[in-house]
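Subject: Structure handover

Hello,

Here is the structure for you to look through. Please open it first, then read the notes below.

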Amino acid sequence: MVVLAKGELEQIALPAAQPPVADVRSVDLSAPAGPAREAAARALVAACEEHGFFRVTGHGVPAELVRAAEAAASGFFARPQGEKEEEAPTLGYGSKRVGGNGDIGWVEYLLLGVTPAGAVPVASASSSTLPCAAAAAAAAASSLSSTPAGPLRDLLDEYTVAVRRMASAVLELMAEGLGLAAGGEVGALARLVTRADSDCVLRVNHYPPRPAAAGAPSLTGFGEHTDPQIISVLRSNGTSGLEIALRGGAWASVPPDGDAFFVNVGDTLQVLTNGRFRSVRHRVVVNSERSRVSMIFFGGPPPGERLAPLPQLLGDGGRSRYREFTWAEFKNSGCRTRLAEDRLSRFEN
């Protein structure tokens with residue numbers, strides 16, 4: 001349940017509109033070595049340059065696992081509000097507040113840090129795509145299997161392992177498309193999100209139905225923003241609502257796909273490619289009589305990782321558009337901003 005006061009509803013109201021449908025490129029991760037894989041790598045790079053957003057097929061994540069995780073999440077969100085709030089310490093449950101700087105939305109969610117021991121609740125239930133509080137200790141989380149949240153968390157653990165593996169495969173194919181394989185660095189990007197100390201997060205969002213009364217505005221489910229991490233891997237339960245901003249600034253809707261995953265280029269990947277890839281601005285609009293449940297894996301680097309444009313991607317002039325910084329520095333800076341603000345501008349040369 002999401003409870004908003006009248007003034008808050010007015011704050012997140014959007015004019016009723018029918019944006020055009022986005023032309024989203026598809027990338028087949030199962031393409032075999034040779035010309036087919038080379039074509040997939042080129043398509044991936046082109047998609048990252050154009051929109052910073054693409055659809056992934058041939059991903060290898062079992063459909064039955066996806067369905068089970070979505071069903072368990074939907075079951076959790078259907079529970080009485082008091083029961084859900086009791087799980088804030090165990091599943092990172094929160095509602096309406098997105099981040100700690102005043103942003104709100106028609107959304108409730110679970111927010112879990114990803115550790116070698118599995119998913120653990122992020123301590124702050126008001127976090128956005130950039131959790132500013134440290135995750136709870138994995139040792140404490142190991143006892144959750146005996147709580148009502150245990151079966152759901154176990155499913156989300158299994159789901160996270162599978163999606164993290166897919167994120168690694170996406171980044172390896174991306175490295176091939178960028179020509180990084182020639183220097184033996186095909187796995188360098190993937191290692192940033194697969195190390196034991198990589199700062200990865202799983203977020204499960206629930207957007208309750210918003211019956212479309214005549215003349216009623218749409219609502220902001222999750223306000224416009226870019227993701228700060230390297231990449232984000234998203235799927236939803238088949239309900240529309242996701243929109244991406246095109247290069248000219250116009251919004252375009254993303255048709256739901258029950259079989260594929262979608263990938264966002266994040267701010268950190270824009271930096272690593274020296275601006276060649278575009279961190280996609282996106283939002284979720286709620287105007288449906290159906291609930292929308294989405295699960296997003298955010299692949300971030302280790303906190304102490306020093307980040308700057310890769311030397312191989314600086315181009316002929318060799319000019320870096322961004323100064324070097326650590327992920328912890330960028331993350332802490334982002335925690336002081338509103339959701340829609342440009343986090344990267346303060347790190348430009």
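Which strands each supply at least two residues of the lining of the largest cavity? They are β7 (200–207), β8, β13 and β14 (292–299). I come back to that cavity below.

First, some ground rules. This is a predicted model, where local features need pLDDT of at least 70, side-chain atom pairs count only at pLDDT 80 or more, and totals for chains, interfaces and linings use all residues. Residues are numbered from 1 along each chain as its sequence is written, and side-chain values use heavy atoms, with hydrogens and water left out.

**The chain**

The protein chain has ten helices and 16 strands. Both are DSSP runs numbered from the N terminus: helices are H or I with at least four residues, strands are E with at least two. Of its 349 residues, 53% count as buried. Buried means under 20% relative accessible area, with a 1.4 Å probe and protein chains only. Take contacts (heavy atoms within 4.5 Å) between residues at least 6 apart in sequence: 75% of them join residues at least 24 apart.

**The sheet**

Two strands pair if DSSP finds at least two bridges between them.

Look at β8 (residues 218–225). Seven of its eight residues are buried. Two bridges join β8 to β1, and the two run antiparallel. There, Leu 14 stands opposite Ser 218. β8 also pairs with β13 (residues 282–286), again in the antiparallel sense, over four bridges. Phe 222 faces Val 284 in that pair. His 225 stands opposite His 282.

**The cavities**

Rolling a probe the size of a water molecule over the atoms shows where empty space is left. The search used a 1 Å grid over the protein atoms alone; a cavity is a set of points where a 1.4 Å probe fits but cannot get out, a pocket is an open set with protein on both sides within 12 Å along at least five of seven lines, and lining residues have an atom within 4 Å of a point. Grid points are joined across faces, edges and corners, and a volume is the space filled by probe spheres set on the points.

The structure holds three cavities of 30 Å³ or more.

Strand β9 (residues 231–236) gives the most, with three residues.

**The pocket**

What is the volume of the largest pocket? About 330 Å³. It is lined by 20 residues, and those nearest its centre are Ala 17, Pro 19, Glu 243, Ser 253 and Asn 287. β10 (242–245), β11 and β13 each give two or more residues to this lining.

Best wishes

Note on methods
Buried means under 20% relative accessible area, exposed over 50%, partly exposed in between (1.4 Å probe, protein chains only).
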